[in-house]
Amino acid sequence: MSISSSLNAGVAALSANANRLATISDNIANASTFGYKRVETDFHSMVTSSSGGNYSAGGVRTTNRRLIDQGGSIVSTSNATDLAIRGRGMLPVRRTSEISDASSSQMLLTTTGSFRTDEQGYLVTESGLVLLGWPAAADGSMPSYPRDTSEGLQPIQMGVNQVSGSPTTRMSLRMNLPATATEAGAPGDSQPLSVEYFDNLGKSENVQIELVPTVPATGASNEWTMTLRDTGSGGAVIGEYTLTFNDARTTGGTLASVTTVSGGAYDPATGSLVVNVAGGPMEINIGLLGDTDGISQLSDTFAPVSTTKDGSAVGTMTRVEIDENGYVYAFFDSGVSQRVYQVPLVDLPNPNGMFSLDQQTYAPSRESGTYFLWDAGDGPTGDMVSFAREESKTDIATELTAMIQTQRAYSTSAKVIQTVDEMLQETTNIKR
């Protein structure tokens, strides 16, 4: 009977609008929740078969969808490890309760978070989510990790206030030697140079370099003897080399040849020689033959242009920062920084198909498709923004407008039920 279907349709409308009001209430309640993704309620008509002049109302049903792929505005903060994503992609996280559980490797996803180090050095949020990343090698390089699984990800743990240092294994010498010092009649004064390096225990030592010109009886020799001594070995000679320079029009002042007297042999392919200091071998680059970028002999002035080296003194970690590519750097009071982790961005074909969980986290599902771990800024993903968080996607004006519409629709549906009740009452009042 069509009047009974009208009653059922009215009841269905009440339920549908109550459902929509629940999602509106959730959206408004989370208007200040960072990273919140609003829920949208869609109405779908239900049509039943009808025949002849009779029509039966089918009513309405609703489906709810969380719009995970829609991001909120990014706002700046004062914490270096507050993270947001400018564009597509999500941050991999895990609950802190699962850190010590080796059998649990569930990866959750979120779009923003305020991460700070806890008492164990883990980067966690106040809601108990720890940031995941790939650990870097000891030299700061990133090994190759699988991109279609979370197996390589580890909770990021920073040794706050830890002491760290690294030995010097390579250095480059760039200097100019006075050409006039190798001419006949020159005084033959040596040119000293001391270059600091750090040993295996982080102590400061020096490679003392003495450059002595060869003074000929006539003309110019364009030749120098370079002697290297190591303070870590009690001042012992660790290498001696004879440097000869070009005086041709096109190559004047560049190295012509390097003759090894003692120490490791000079490699003309790399422009380097290897000597043994107290802590082990050290590679010293003096430049390629015929190249202006190295030790040169020009004019009448001794000028140490630049000296570069790796290694660092012992220092205490003072802060942690994450750059736009997701690299996590530890900064030390010695002035050096070290890359320790990389945070990838996770992308899925259908982000809206993921399971929604507490604390603005999501889990991949069959509907979301398989995920892939990208370097931030590569592929479809955006870049990572530190000192920032993503605001809630809720727009209060839109939700209030929808709430007024829902209220009117609910009242009207209730009026339909009231009208059907009055019609049924009239039917029962019909007398024979």
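Begin by selecting strands β23 (residues 312-322) and β24 (residues 327-332), which run antiparallel and are joined by five bridges. Strands, here and below, are DSSP runs of E of at least two residues, numbered from the N terminus, and two strands pair if DSSP finds at least two bridges between them. This is a predicted model, in which local features need pLDDT of at least 70 and side-chain atom pairs count only at pLDDT 80 or more, while totals for chains, interfaces and linings use all residues. Residues are numbered from 1 along each chain as its sequence is written, and side-chain values use heavy atoms, with hydrogens and water left out.

Within this pair, I322 stands opposite V328 of β24. Four residues separate β23 and β24 in the hairpin, and G326 in the turn has a positive phi of about 85°.

Select D199 next, in the loop between β14 (191-198) and β15 (204-213). D199 is buried, at a relative accessible area of 13% (buried means under 20%, exposed over 50%, partly exposed in between, with a 1.4 Å probe and protein chains only). Display its side chain: this reaches the backbone nitrogen of L201 at 2.9 Å and that of K203 at 2.7 Å. Residues up to four places away in sequence aside, D199 touches P167 and E205, contact meaning heavy atoms within 4.5 Å.

Finally, move to Q70, in the loop between β2 (60-66) and β3 (74-76). Q70 is partly exposed, with a relative accessible area of 33%. Neighbours within four places in sequence aside, Q70 is in contact with K37, E390 and K393. A distance drawn from the C-alpha atom of Q70 to that of F198, 128 residues apart along the chain, spans 51 Å.

Terms used: A polar contact is a pair of N or O atoms within 3.5 Å; within protein, one must be able to donate a hydrogen and the other to accept it, and residues adjacent in sequence count only if both atoms are side-chain atoms.
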